[in-house]
There are 2 protein chains.
Amino acid sequence: MVSFEGFTLSGNAPIYQQILLFLKRGAVSGTIRDGDELPSRRVLSALLGVNPNTVQKAYRLLEEEGLMTSHTGAKSQMVLTGEAIRRIRSELLEGDARALVTAMRQMGLTKEEAAALIDRYWE
Amino acid sequence: MVSFEGFTLSGNAPIYQQILLFLKRGAVSGTIRDGDELPSRRVLSALLGVNPNTVQKAYRLLEEEGLMTSHTGAKSQMVLTGEAIRRIRSELLEGDARALVTAMRQMGLTKEEAAALIDRYWE
DNA sequence: TCAACCGTATTATACATATAATACACTTTC
DNA sequence: GAAAGTGTATTATATGTATAATACGGTTGA
């Protein structure tokens with residue numbers, strides 16, 4: 001069963017996107033694996049304090065990406081092939097790195113200053 | 001005059017937030033300085049291909065933060081004290097660093113792997 | 001002076017996001 | 001078999017974002 005322990009809503013990003021991102025990052029790290037069952041829409045929405053439709057939107061997009069299967073009446077399961085995991089990993093890392101480098105550059109930081117900042121915030 | 005050269009809309013973030021972020025980062029880097037005139041709402045909206053109201057929203061928020069003054073009929077000007085710049089710098093760097101570290105951690109990367117990734121994307 | 005530009009304001013429409021309240025058919029479990 | 005839980009679907013409302021079309025009064029500069 002996929003655990004949402006340690007997941008908290010934050011920032012201005014849409015909730016369904018935050019859920020999607022949490023699941024993809026878990027797949028990349030290996031804490032979420034192929035065949036793992038997801039909490040039901042109702043259970044997760046109650047856990048997060050959001051509307052069931054919001055969870056459903058995240059799950060629907062997950063399924064449309066081929067990362068999950070769902071059948072009426074039964075629990076939904078993650079579908080994670082090695083190829084899919086590598087694809088997600090590349091997408092996420094590239095996006096995050098690009099965003100940070102853009103930000104640091106626009107603020108006039110050197111590569112060394114950026115590295116030192118990350119090092120300090122790692123704790 | 002504040003230049004928007006090198007600024008392009010990207011991603012899903014609201015346009016008015018992207019404009020605000022660009023101006024704040026410019027203030028931190030020193031490319032935008034106290035007293036600098038901003039392009040008019042109409043001119044900037046035409047340059048970016050967005051609605052004048054969207055630019056007005058960004059400018060209004062900038063003014064509400066005390067980083068700009070505007071008077072009917074005249075050009076708007078940046079208001080950047082040393083204290084304000086330090087505040088913006090802290091806010092932006094903290095937010096960016098926190099976001100990246102959270103992402104890398106959730107994907108199971110080590111500090112060294114994250115540093116190598118940033119180093120590679122710096123080019 | 002006066003035309004051009006500026007900041008500001010209003011009204012309307014459209015889309016995305018999120019919530020709320022139901023409803024129905026299917027699966028699982030006792 | 002029956003109850004509980006599940007995926008799925010619908011309709012409605014509210015808010016934020018973005019666009020569109022105007023309008024008005026103040027400032028600037030030829």
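This is a predicted model: local features need pLDDT of at least 70, side-chain atom pairs count only at pLDDT 80 or more; totals for chains, interfaces and linings use all residues.

Visitor: What makes a residue count as near DNA strand D, and which residues are the closest?

Guide: A residue is near a strand if its C-beta atom, placed from the backbone, lies within 6 Å of it. In this sense 22 residues surround DNA strand D, and the closest are S40(A), P14(B), N51(B), N53(B) and G73(B). The largest share comes from α2(A), with three residues.

Visitor: Which residues come nearest to DNA strand C?

Guide: Of the 23 residues around DNA strand C, those that come nearest are P14(A), N51(A), N53(A), G73(A) and S40(B). The elements that give two or more residues to this surface are α1 (15–29) and α3 (52–64) of chain A, together with α2 (41–48) and α3 (52–64) of chain B. α2(B) gives the most, with three residues. By class, the surface near DNA strand C has seven nonpolar, 13 polar and three charged residues.

Visitor: How do you know that the span of α3(A) is close to the expected one?

Guide: The expected span of a helix is 1.5 Å times one less than its number of residues. α3(A) has 13 residues, and 18 Å is expected at 1.5 Å a residue. From its first C-alpha to its last, α3(A) reaches 18 Å, so the span is close to the expected value.

Visitor: Which residues of α3(A) are buried, and what puts them on the same side of the helix?

Guide: The buried residues in α3(A) are V55(A), A58(A), Y59(A) and L62(A). They cover an arc of only 95° around the axis, which puts them on the same side of α3(A). As a general point, an α-helix has 3.6 residues a turn, so residues three or four places apart point the same way. The buried residues of α3(A) pack against α1, α2 (41–48) and β1 (68–69) of chain A. On the other side of α3(A), N53(A) and E64(A) are exposed. The helix is followed by G66(A), whose phi is positive, near 80°.

Visitor: Why is M78(A) called buried?

Guide: A residue is buried if 20 or more other C-beta atoms lie within 10 Å of its own. M78(A) has 20 other C-beta atoms within 10 Å and is therefore buried. M78(A) is placed in strand β2 (residues 77–78) of chain A. Not counting residues up to four places away in sequence, M78(A) touches V2(A), I32(A), D34(A), G35(A), D36(A), L38(A), L67(A) and M68(A).

Visitor: Why is L48(A) called partly exposed?

Guide: L48(A) has 18 C-beta neighbours inside 10 Å. The C-alpha atoms of L48(A) and F7(A) are separated by 8.8 Å, although the two residues are 41 residues apart along the chain.

Visitor: How many residues of chain B are in contact with chain A, and what makes two residues count as in contact?

Guide: Two residues are in contact if their C-beta atoms, placed from the backbone, lie within 7 Å. By that rule, 23 residues of chain B are in contact with 23 residues of chain A. α1, α4 (82–106) and α5 (111–121) of chain B each supply at least two residues of the side that touches chain A. α4(B) gives the most to this side, with nine residues. By class, the side of chain B that touches chain A has 14 nonpolar, four polar and five charged residues.

Visitor: What domains is chain A divided into, and how far apart do their C-alpha centres lie?

Guide: Chain A is divided into domain 1 (1–80) and domain 2 (83–123). Their C-alpha centres lie 25 Å apart. The contact takes seven residues from domain 1 of chain A and five residues from domain 2 of chain A.

Note on methods
Residues are numbered from 1 along each chain as its sequence is written. Chains are lettered from A and ligands numbered from 1 in the order in which they are written. Helices (H or I, at least four residues) and strands (E, at least two) are DSSP runs, numbered from the N terminus. Ala, Val, Leu, Ile, Met, Phe, Trp, Tyr, Cys and Pro count as nonpolar, Asp, Glu, Lys and Arg as charged, and the others, Gly among them, as polar. A residue is buried if 20 or more other C-beta atoms lie within 10 Å of its own, exposed if 12 or fewer, and partly exposed in between; C-beta atoms are placed from the backbone. The arc is that of the directions from the helix axis to the C-beta atoms. Domain bounds come from an automatic or database domain assignment.
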